[in-house]
Amino acid sequence: MLLLLAVCVLGLLLLHGAGRLCAVRREPARALPPFSGGLAPAEHPASRFHVRWYPVSLVFLAFDMEMLFMYPWVRVVREMGTPAVVEMFLFLGILLAAVAYTWREGAFRWS
């Protein structure tokens, strides 16, 4: 038991020593622009995507989740029969209603 304890303590000391040996010296960050293929950045990194892309990405995620739910449905639709088909068309109807609402509210307008 003492041998196991000694091996563990030695391993911890070796890891601590290796961490100190390989540590990077910390210096204050200089105010340099990020490297972008050798060119100076033309805009702020947070302003790359216009806000109008967010509703489109949310609709994409909704349809992506639809596909996630449709795969298991395809695997069991034959055993479950008509109720499974009715449930899937109800699910698709809800998604279609959400897209129609989003369209009506103007989330897909680009101007």
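Select Thr 102 and Ala 98 first: the side chain of Thr 102 lies 2.7 Å from the backbone oxygen of Ala 98. This is a polar contact, that is, a pair of N or O atoms within 3.5 Å; within protein, one must be able to donate a hydrogen and the other to accept it, and residues adjacent in sequence count only if both atoms are side-chain atoms. The model is predicted, so local features need pLDDT of at least 70 and side-chain atom pairs count only at pLDDT 80 or more, whereas totals for chains, interfaces and linings use all residues. Residues are numbered from 1 along each chain as its sequence is written, and side-chain values use heavy atoms, with hydrogens and water left out.

Remain at Thr 102 and display helix 3, residues 82-105, to which Thr 102 belongs. Helices (H or I, at least four residues) and strands (E, at least two) are DSSP runs, numbered from the N terminus. Thr 102 is buried, at 17% relative accessibility. Buried means under 20% relative accessible area, exposed over 50%, and partly exposed in between, with a 1.4 Å probe and protein chains only.

Proceed to Arg 104 and Glu 105, which form a salt bridge whose closest N and O atoms are 3.6 Å apart. A salt bridge is a side-chain nitrogen of Lys or Arg within 4 Å of a carboxyl oxygen of Asp or Glu. The structure holds one salt bridge. Arg 104 is exposed at 59% relative accessibility, while Glu 105 is partly exposed at 47%.

Now select Leu 2, Leu 5, Val 9 and Leu 13, a nonpolar surface patch with about 420 Å² of accessible area together. Patches are made of residues with over 30% relative accessible area and no salt bridge; like charges are joined within 9 Å, nonpolar side chains (Val, Leu, Ile, Met, Phe, Trp, Tyr) within 5 Å. Areas come from the Shrake-Rupley method with a 1.4 Å probe; for residues, only the protein chains shown count as cover. Val 9 lies in helix 1, residues 2-21, and is partly exposed at 41%.

Finally, select Cys 8, partly exposed at 43% relative accessibility, and Cys 22, exposed at 61%. The structure holds zero disulfides, a disulfide being a pair of cysteine sulfur atoms within 2.5 Å.
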